[in-house]
Amino acid sequence: MAIACTELPATGSDRAMIERLLQAARSGNAYRIQGDATAMRAATDRLLAMPFVGKAEPSVSVVPGSLGGIGGEWLVPPAVGSDATLIFLHGGGYVRGNLALGRGNATELAAHTRARVFAVAYRQGPEYPFPAAFDDTIAVCRAIELEGRPYVLIGESAGGGLVLAAAMALRDHGLRLPAALVGISPFLDLTMSGESWEFNADKDMATRAMGEDMIRLYMGAQDRRDWRASPLFGEFHDLPPTLITLGGAEGLYSEAAEAARKADAAGVAVWLDVFEGMPHGFSKYTLDAARLAISRVADWVCERLRAG
């Protein structure tokens, strides 16, 4: 097999906007704030209020709910056209994320696929350290499995790591797997050993220092190579078809590319979309690349569901 890699060029307007965002970040933009969880979460809220962050798709209903005893929200398009459920896991480094952080992309996916989406409010550190987020994801998957309907796991950043780790656990326990997996800028290696943390250091919104701060709050003294936290070190055989979407300027580019290589070597069908010059979190911004990325994810998910 071979990885189906697609490299997508940046538009001029996207390049200009990314440069403005990077200049703001370098001058002390709240996105890069470090410290305790409260300060990080306040920074996330400020980020979400910025005009360059995409908003939720207004046609999609947002209804609080739960699945498998785990809280979250159901995102329901105006005309449901699929019996599948998309499980969406937000990012935020296992500390500073929330449902609002993922709501823009999650509602876009609901609208594009005409499928119901359950966005998971999984527990985060430091109040709920590892493996709380992983355990919550498994509980949601077990619940949807019992319903017998097809489902797809989709996650952004830390949520992308949860997607891959959950699929590995479900496989190992002989449980029904999702129809497909999607990682959008997935955070797969909490040791942060990838070379791109160096060669993309001046190109990304995220920084190694930010990552280290969040990992410390979630992992404490626990093993960062544990595959439930860092699925890059897990076993990739017999996983569902997998799409990885990311920006070429991301600090975690190396780990995403290595995960695609490992999955391919294990016989998994893998697609890799690389968006030129895009930093971590780009799918949430009002960029041409963001719209294209989510559209491609939605089309790919629909194709996998049609394929059975």
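This is a predicted model: local features need pLDDT of at least 70, side-chain atom pairs count only at pLDDT 80 or more; totals for chains, interfaces and linings use all residues.
Q: Hi! How many bridges join strand 3 to strand 5, and do they run parallel or antiparallel?
A: Strand 3 (residues 70–76) and strand 5 run antiparallel, and four bridges join them. Strands are DSSP runs of E with at least two residues, helices are runs of H or I with at least four residues, and both are numbered from the N terminus. Two strands pair if DSSP finds at least two bridges between them. Residues are numbered from 1 along each chain as its sequence is written, and side-chain values use heavy atoms, with hydrogens and water left out.

Q: Which residue is the bridge partner of Gly-72 in strand 5?
A: That is Val-120. Leu-89 also stands opposite Val-120.

Q: And in which sense do strand 4 and strand 5 pair?
A: Strand 4 (residues 85–89) pairs with strand 5 in the parallel sense, over five bridges. Between them the chain passes through helix 3 (residues 99–113), making a right-handed β-α-β crossover. Right-handed means that, with the strands pointing away from the viewer, the path from the first strand over the helix to the second runs clockwise.

Q: Why is strand 5 called largely enclosed?
A: Because four of the five residues of strand 5 (residues 116–120) are buried. Buried means under 20% relative accessible area, exposed over 50%, and partly exposed in between (1.4 Å probe, protein chains only).

Q: Is Cys-141 buried or exposed?
A: Cys-141 counts as buried, because its relative accessibility is 1%.

Q: What about helix 7, how many residues does it have?
A: Helix 7 (residues 208–219) has twelve residues. From first C-alpha to last, helix 7 reaches 16 Å, close to the 16 Å expected (1.5 Å times one less than the number of residues). Its buried residues include Met-210, Ile-215 and Leu-217, and what covers the buried residues includes helix 2 (37–48) and helix 4 (132–147).

Q: Where does Asn-200 lie?
A: Asn-200 is in the loop between helix 6 (196–199) and helix 7. Asn-200 is buried, with a relative accessible area of 2%. Beyond its neighbours within four places in sequence, its contacts (heavy atoms within 4.5 Å) include Gly-248, Glu-250 and Tyr-253.
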